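Thanks, everyone. I have one structure to show today, and I will keep it brief.

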Amino acid sequence: MVDLFIDGAWTAGSSGTADVVNPFDATVVRAVDQAGPADVEHAVAAARTAFDGGPWRTTPASERGALLRRVADLLIRDKEAIAHTETLDTGKTLVESRVDVDDVTAVFRYYADLAGADAGRVVDVGQPHVLSRVVREPVGVCVLITPWNYPLLQLSWKLAPALAAGNTCVIKPSEVTPLTSVLLVRLLEEAGVPRGVVNIVLGDGPTVGAPLTEHPDVDMVSFTGGLTTGQAIIRASAATVKRVAVELGGKNPNIVFADTDFDLAVDYALTAVFLHSGQVCSAGARLIVQDEMHDDLVAEVGRRADRIRLGNGLDDATESGPLVSAAHRTKIEGFVASALAGGARLVAGGRRPEDPDLQRGYFYRPTVLADVHRDMRVIREETFGPILTVERFADEDQAIALGNDTGYGLAGAVWTADMGRAHRVASALRHGTVWINDYHPYVPAAEWGGMKRSGNGRELGPTGLAEYQEHKHVWHNTAPKPMRWFAG
Ligand code: TXE
C-alpha cells in the first residue's frame with residue numbers, strides 16, 4: 001500500500017518512509033511513504049492543472065455536493081475501521097474516535113447541502129439598462145495543513161467546503177498522525193473525485209509544509225496548528241500574497257459563578273479540559289471560579305481527576321488515552337515543573353502513572369494546579385495537555401477581566417443561574433465561541449475560529465464556505481452610450 005495520492009494515482013513518494021507510532025505503547029503501527037521536493041512540485045502542478053483546465057470548478061455545484069454526499073455515505077460504511085485507525089494513531093479512546101467520524105460525516109453532508117445554495121446575487125444599481133451581479137468563484141489551488149490532535153475532523157472542516165466551492169487541494173496532514181487522512185482520500189477516490197482535484201503528500205513541516213506555503217502556484221493556505229508555525233506560514237505566504245486562514249489554538253477560560261449547580265460545575269470542568277488528554281484547541285484549561293465556590297470546587301475536581309482511568313484507547317474501560325508523543329509529554333512536564341517552582345499548589349496528578357501496563361506509552365496523570373498567577377507560563381501559554389489551572393474571582397467584572405487576560409481568543413464558557421449575567425459575560429468575552437452552561441458542543445452550521453492570536457478566518461457555517469470563495473462583481477451595461485469624458 002502506498003500513501004501519496006497525486007494527479008489521480010497512488011505513489012510511494014521520493015523520500016523513503018517514516019514510522020507512525022501508537023502512543024499507547026510506542027509500537028510502530030506502520031511505515032508511511034514520505035514526499036520529497038519532486039512530489040510537492042508534482043502535487044501542486046496536478047492541482048493547478050485540474051483547477052485551470054477544469055472541469056471541477058465549472059461542474060454544477062449540485063454535482064460537487066453529490067460527491068460530498070457519497071463521501072459521507074462511505075464514511076458511515078467504514079466508520080469502525082476509520083475510528084480504530086484514528087485511535088491507534090492518536091491514542092484517543094474509541095468512543096472519541098467514533099464521535100469524530102460521525103462529526104466528519106455531518107460536515108460533509110452540511111457542505112454537500114450548501115454547495116449550490118448560494119447562487120450569487122443581483123445588485124440593483126439604479127440603472128435599468130445595467131445588470132450587476134455578484135458571483136462566487138473558487139479561490140484556486142488550496143493547501144490544507146492539519147495538526148495531530150483531530151486529524152480527520154480538522155481535515156474535513158477544510159476539505160469539504162474547499163471542494164464544495166470548486167477548488168482543487170493539496171493536503172498535508174501532520175507527520176505524527178497521517179493515517180486517517182490517507183483513508184479519507186481513498187474514500188474520495190472511490191466516490192469519483194476527478195483526477196488532480198484532491199492530492200495528498202505526507203511528510204514533516206520543513207520538507208513538505210513550508211515549500212507548499214511558499215509555492216507561487218498555490219492560491220490559498222488553510223492551517224490549523226501551533227502559534228509559531230502559524231506565524232511562520234503567514235510570513236511565508238507574504239511573498240506571493242496568498243489567502244491565508246489560520247486557527248492557532250487557545251487558552252480558554254471556563255468561568256463558574258457561585259450560583260451554578262455544584263455537581264454540574266465539577267462534571268463539566270473535568271470534561272472541558274481532560275477530553276482527549278487536553279489536546280484540544282478549545283480545552284477549558286483555565287477554570288476561573290467565584291470565591292464562594294472556589295475551595296470546594298478545587299477539592300472535588302482534584303478528587304475526581306485522580307480517579308480518571310487511563311489506558312489503551314481500544315479498551316472500553318479507558319476514560320483517557322496517552323499524550324500523542326514522548327516529546328509532547330516532556331513539554332507538559334516542563335509546564336508543571338515551572339508552575340510548581342513558581343508557587344502553584346498541586347491538587348492532583350503532576351506525574352506519570354505508576355501502572356506497569358502504561359509504562360511504554362506517553363501517559364501523564366490528569367493534573368490540577370491551584371494558587372496559580374497570571375505571570376506563570378502555565379497560564380499564559382497553551383499547554384495542550386491534561387493540565388487544569390484554577391483561578392478565583394470576586395465579581396462579574398473581575399471574571400470578565402480574567403477571561404480576557406490572554407493573548408488567545410478561541411473559546412470560553414460561563415456558568416451561572418443568572419441569564420442576564422450569562423449574556424453580559426458572553427458579550428464581553430473576546431473569544432470566537434462562548435458556551436453558556438455547557439462546554440465543547442459545536443455544529444457544522446455555526447462558525448468556528450479565533451480572535452486575537454487564536455487566528456483569523458472562520459471554519460464551518462456559511463463563512464467556512466466563503467473562506468474558499470472569491471466574490472466577483474460582473475457589470476453588464478446592456479445599452480452603452482458615448483461617455484465624452486475626454487472632449488478631444
Ligand atoms: O504543531 P505544528 P506541533 C499547538 C499546541 C502544540 C503546539 C505544537 O500547543 O503543543 O501547537 O504542536 C505542519 N510550514 N497546537 O509542533 O508544528 C506540521 O507538519 C508549513 C494547537 O505539532 O503547528 C503539521 O502538519 N507547515 C493546534 C502542522 O503544521 C508546517 C493543534 C501542525 O504542526 C511547518 C496542534 C511549516 N514551517 C498543535 N511546520 C490547534 N490549533 O488545535 C510545521 N508544519
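Predicted model: local features only at pLDDT ≥ 70, side-chain atom pairs only at ≥ 80, totals over all residues.

Let me start with the domains. At the interface, 24 residues of domain 1 touch 28 residues of domain 2. The two domains bury about 2100 Å² between them, and 64% of that is on carbon and sulfur atoms. On the domain 1 side, Pro-23, Phe-24 and Trp-148 lose the most area to domain 2, together 29% of what that side buries.

Next, the helix pair. How do helix 4 and helix 5 run relative to each other? Helix 4 spans residues 94–114 and helix 5 spans residues 151–164; their axes come within 9 Å and cross at roughly 10 degrees. An angle under 35 degrees counts as roughly parallel, and therefore helix 4 and helix 5 are roughly parallel to each other. Helix 4 contributes residues including Val-104, Phe-108 and Tyr-111, which meet a set in helix 5 that includes Leu-153, Trp-157 and Ala-160. By class, the residues of this contact are twelve nonpolar, one polar and two charged.

Last, Glu-214, which is in helix 7, residues 205–214. Glu-214 has 47% relative accessibility, so it counts as partly exposed. Leaving aside neighbours within four places in sequence, Glu-214 contacts Ala-236, Thr-240 and Lys-242. Glu-214 and Leu-460 are 246 residues apart in sequence, and their C-alpha atoms are 26 Å apart in space.

Note on methods. Residues numbered from 1 in each chain as written. Heavy atoms only, no water. Axes fitted to C-alpha atoms, helices over the stretch in contact; angles between N-to-C directions. Helix = DSSP H or I, 4+ residues; strand = E, 2+ residues; numbered from the N terminus. Parallel < 35°, antiparallel > 145°, perpendicular 65-115°, else oblique. Contact = heavy atoms within 4.5 Å. Nonpolar A, V, L, I, M, F, W, Y, C, P; charged D, E, K, R; others polar. Buried < 20%, exposed > 50% of the residue type's maximum accessible area, 1.4 Å probe, protein only. Buried area = accessible area lost by both parts, 1.4 Å probe.
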